[in-house]
Amino acid sequence: MKRIAQFFKVSETEFLKDGTIDEYDGIILPRRATAGSAGYDFFAPKSFSLAPNETIKIATGIRVKIDQGWVLKIYPRSSLGFKYRLTLNNTVGIIDSDYYFAENEGHIFIKMTNCGDKPLEVEKGKAFAQGVFVEYGITVDDNCLSSRVGGLGSTDKK
């Protein structure tokens, strides 16, 4: 299996813009549950509940250094999507390899909505999302030389 990425915590200074020191100290780096798992589980840095039709944005405290030519795709955990109709607000989170170098240190945020009809409770330290690394290609006539500066939505503001 090719090893193409590594997870890190963002700096304490960066995380404290959106979270608390207690949450920061409890951050668990994403990991696979089994040797056959494609997805890396993301763990809740704090307990949260979502009523039906309620939305939350989670500051994960995680950044990832990814080899060029690869992307990390973020999804809700399958069980939460199935049982609660938990969805990501952008349907699939896309973490590009150059996001690691963004002004916010590549801090990964996950915004979700409970589209189901029953409340969802997630305890601190429990897996709530998963990330899958995928290789991608570019067109033969691609000539993009731009560099990322910001985070979400920054690539169309040049």
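Reply: Ala, Val, Leu, Ile, Met, Phe, Trp, Tyr, Cys and Pro count as nonpolar, Asp, Glu, Lys and Arg as charged, and the others, Gly among them, as polar. This is a predicted model, in which local features need pLDDT of at least 70 and side-chain atom pairs count only at pLDDT 80 or more, while totals for chains, interfaces and linings use all residues. Residues are numbered from 1 along each chain as its sequence is written, and side-chain values use heavy atoms, with hydrogens and water left out.

Me: What makes up the lining of the largest cavity, by class?

Reply: The lining has six nonpolar, one polar and no charged residues.

Me: Why is Asn104 called buried?

Reply: Buried means under 20% relative accessible area, exposed over 50% and partly exposed in between, with a 1.4 Å probe and protein chains only. Asn104 has 18% relative accessibility, and therefore counts as buried.

Me: Which residues does Val92 contact, leaving aside its neighbours within four places in sequence?

Reply: Contact means heavy atoms within 4.5 Å, and on that basis Val92 is in contact with Lys73, Ile74 and Tyr75. Leaving out residues up to four places away in sequence, Asn104 touches Glu14, Tyr99 and Phe109.
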